[in-house]
Amino acid sequence: MKINNNNNNNNNNNTYIHTYIHTYIYIYIYIYTLPGLNENLIYLDIWDVDMVKQRHEVNKQSHHTHLYASDHLIVRRAQQFQMKITFNRPYKPKEDKFAVEFVIGASPQYSKGTYIPVFPTEERQSTWRGQVIESNDNVVTMGITTAHDCIVGKYGMYVAVVTRYGIRRTRRDPNWDLYIIFNPWSPGDSVFLDDEEQREEYVMNELGIIYHGAYDDISERAWNYGQFEFGILDACLFIMDKADMPLTNRGDPVKISRKASAMLNSRDDEGVLVGNWSGDYIYGVAPTSWTGSVEILLNYASSGGLPVCYAQCWVYAAVFNTFLRCLGIPGRVVTNYFSAHDNDGNLKMDIILDDNGKVDRNRTKDSIWNYHCWNECYMTRPDLPEGFGGWQVVDATPQETSDGMYRCGPASVAAIKHGQVCYPFDASFVFAEVNSDVVFYRRDKEGTLQPVKVNTSHVGRMVLTKAVLHDGRKDITEQYKFPEGSPEERRVLEKAEEFGCQREKASVPEGDVTVEIAALEVQLGDDFELVLEFTNRSSQHRTVDIYISGSVVYYTGVPSAEVVLKTPTVKVDPQQSKHVAMWIMQLVEQGNLHFIATGKVKETGQIITAMRLINVHNPRLTVQVRHSILTFNQINLTGSNTVAGSPRVSEEMYVTVEFTNPFKFRLENVYVRLEGPGIMSIHTKQYSMIGPGTTISWTERFSPRRAGTTKLMASLDCAALRQVYGETEITIQP
């Protein structure tokens with residue numbers, strides 16, 4: 001038994017205390033062996049403590065923490081948990097006095113909530129409640145309920161007993177440490193989410209789907225959040241330690257999420273991830289190569305806080321989501337299609353045209369991201385008026401500074417929808433991301449800019465997140481904005497202008513000629529036909545000098561290479577439409593294709609414009625799982641199935657990843673990654689070269705660690721080919 005003896009009469013003489021303790025222990029052991037000793041002379045002492053921390057036991061089951069790969073007790077605040085204390089004799093409530101003490105941090109203090117004594121009687125209580133649930137012989141089952149706003153983190157635990165000789169306290173035992181996290185199941189917690197299915201999705205689900213591509217040609221990829229994997233909870237707490245976040249702030253989800261939005265990027269605080277949009281990833285892992293958050297967080301924590309290379313918006317959002325769910329804060333990743341990144345701080349995305357109607361890329365500074373991923377987390381907002389709690393936007397992608405650091409949020413989604421952009425934090429920035437207008441300006445020879453077209457519906461075209469408890473999509477655009485052109489939308493924009501958001505007020509007359517670029521689906525490496533549709537609504541002939549520029553663009557809207565520039569002259573008959581087709585020889589280069597058609601009608605001087613983002617589809621990986629009895633499951637990435645033969649926990653299985661190079665050139669320095677939450681840790685393999693038409697096949701052995709339905713997901717990545725993914729679903733029996 002590990003004990004300390006704090007004798008109040010001798011606390012100035014350490015040598016005497018040390019001698020006294022050892023002498024007393026010898027006498028203590030001796031007198032317990034004396035027959036017929038009167039129990040009233042024996043004071044209460046602690047023999048053992050059982051934290052009731054096994055996965056199948058009541059604490060982890062009732063607190064929904066049984067999936068965490070940890071030998072320690074993990075409980076959620078504002079909910080009772082149990083522990084069993086074995087004393088040297090039966091506990092006598094009227095005579096014996098003891099307390100269970102919890103401490104966190106280097107200098108625990110009761111006034112700061114970092115030292116919390118818990119007593120077993122109603123007569124004496126602290127901020128945490130305690131009660132004796134059961135007393136059986138020498139074993140007392142203690143029920144402890146933490147405060148609804150207590151600090152989230154790792155606590156040490158002691159048991160202290162009052163004796164006639166002073167207070168005897170158990171020594172430090174790491175096995176008795178416990179973690180306390182947020183509790184979305186408790187109405188008293190500020191992250192309470194009153195929907196069981198949503199709690200299962202936004203807190204307990206380790207598997208995610210991240211949407212990318214274009215709003216009318218959506219692509220998706222699986223992600224392993226892995227919030228329950230070994231070491232992830234410690235890594236999330238380490239992030240707050242690395243940020244020097246005061247312990248007293250670590251019970252507030254608003255402060256934690258804001259601090260994390262800064263710490264997940266490395267721009268100004270040596271945070272978790274280094275952003276890279278250059279296309280050169282030689283000194284790290286390409287953002288498109290990651291398949292989950294686990295490797296990133298473990299690498300960051302194990303290195304003592306060395307930033308991990310590299311990330312782009314979906315990686316920041318996915319890792320942030322792991323952080324939120326691991327700590328018990330409901331979180332989800334959302335994708336905003338055509339997301340405005342406004343360099344001028346207004347609600348306009350300015351595209352500058354020269355006198356002939358051609359885009360002047362040197363003077364066009366604002367950018368529209370094809371898509372942008374951020375996070376939402378669910379919490380109350382006591383710092384805001386009623387009605388602005390619930391889902392909050394947080395964004396770790398370093399775009400602009402907020403209060404001197406690269407971070408964003410939490411910003412109330414309800415405040416954004418209703419134009420209340422004055423409320424903290426960064427609501428005006430998020431409002432602009434989903435509500436900006438695209439304004440085309442014509443620059444004349446004197447340099448004067450004149451608005452010639454305003455597109456009010458291009459930005460924030462669609463906001464998506466994963467559906468609850470299935471792999472479908474959930475369109476949440478209406479949570480961010482009212483329908484385009486509705487009276488509510490006009491009132492919201494007027495409200496935003498009251499708080500300083502500026503919009504283009506110029507009235508651009510409606511022209512009689514329009515142009516549209518038809519949608520199409522393109523596979524990487526294919527040639528394709530680009531079709532423009534001109535419509536002349538006037539009663540006269542119209543002649544249009546049109547400039548068509550096409551660029552390979554990163555998802556941030558930044559062009560990497562121009563692939564086509566055509567300048568046809570098109571004649572359109574009155575009250576007619578005309579299709580103009582152009583054959584495009586596509587370059588095999590990473591990125592989407594962004595086409596802008598701008599032109600000038602000779603007869604009227606009208607400027608016409610059209611934009612189209614074409615999502616380039618990549619080849620896919622094939623993933624197949626082989627059971628030990630040689631049953632197979634193969635998926636071609638259009639659906640998912642479970643493995644035949646009912647695989648079981650700890651049973652040996654095999655997974656094979658296959659890929660065939662469909663191009664006429666070889667792929668060099670190819671990296672393949674493979675992982676699955678609860679069944680397989682991260683595995684990687686490198687191929688120096690994959691020749692044209694060559695097929696690779698990689699097989700790994702694994703043994704599932706727990707039962708349930710999960711996925712194995714793989715990625716293939718090299719400089720010439722990115723965003724190649726594959727996955728398969730697998731159900732493991734107990």
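**Notebook: a strand pair and an annotated site**

I looked up Leu674 and found that its bridge partner in S41 is His683. This is a predicted model, in which local features need pLDDT of at least 70 and side-chain atom pairs count only at pLDDT 80 or more, while totals for chains, interfaces and linings use all residues. Residues are numbered from 1 along each chain as its sequence is written, and side-chain values use heavy atoms, with hydrogens and water left out.

I then checked the strands (DSSP E runs of at least two residues, numbered from the N terminus; helices are H or I runs of at least four). S40 (residues 667-676) runs antiparallel to S41, and 8 bridges join them. Pairing requires at least two DSSP bridges between two strands. The open sheet has 4 strands, ordered S41-S40-S43-S44, with antiparallel pairing. At its edges I noted S41 (680-690) and S44 (721-732), each pairing on one side only.

Next I took the "active site" annotation from the unreviewed UniProt entry: Cys313, His372 and Asp395. Because no two of their C-alpha atoms are more than 10.0 Å apart, although they span 83 residues in sequence, they gather at one spot. UniProt positions are in the numbering used here, feature names are shortened, and annotations may be inferred rather than shown by experiment.

Cys313 is in helix H7 (residues 313-327) and is buried at 0% relative accessible area. His372, in strand S18 (residues 367-379), is also buried at 0%. Buried means under 20%, exposed over 50%, partly exposed in between (1.4 Å probe, protein chains only).
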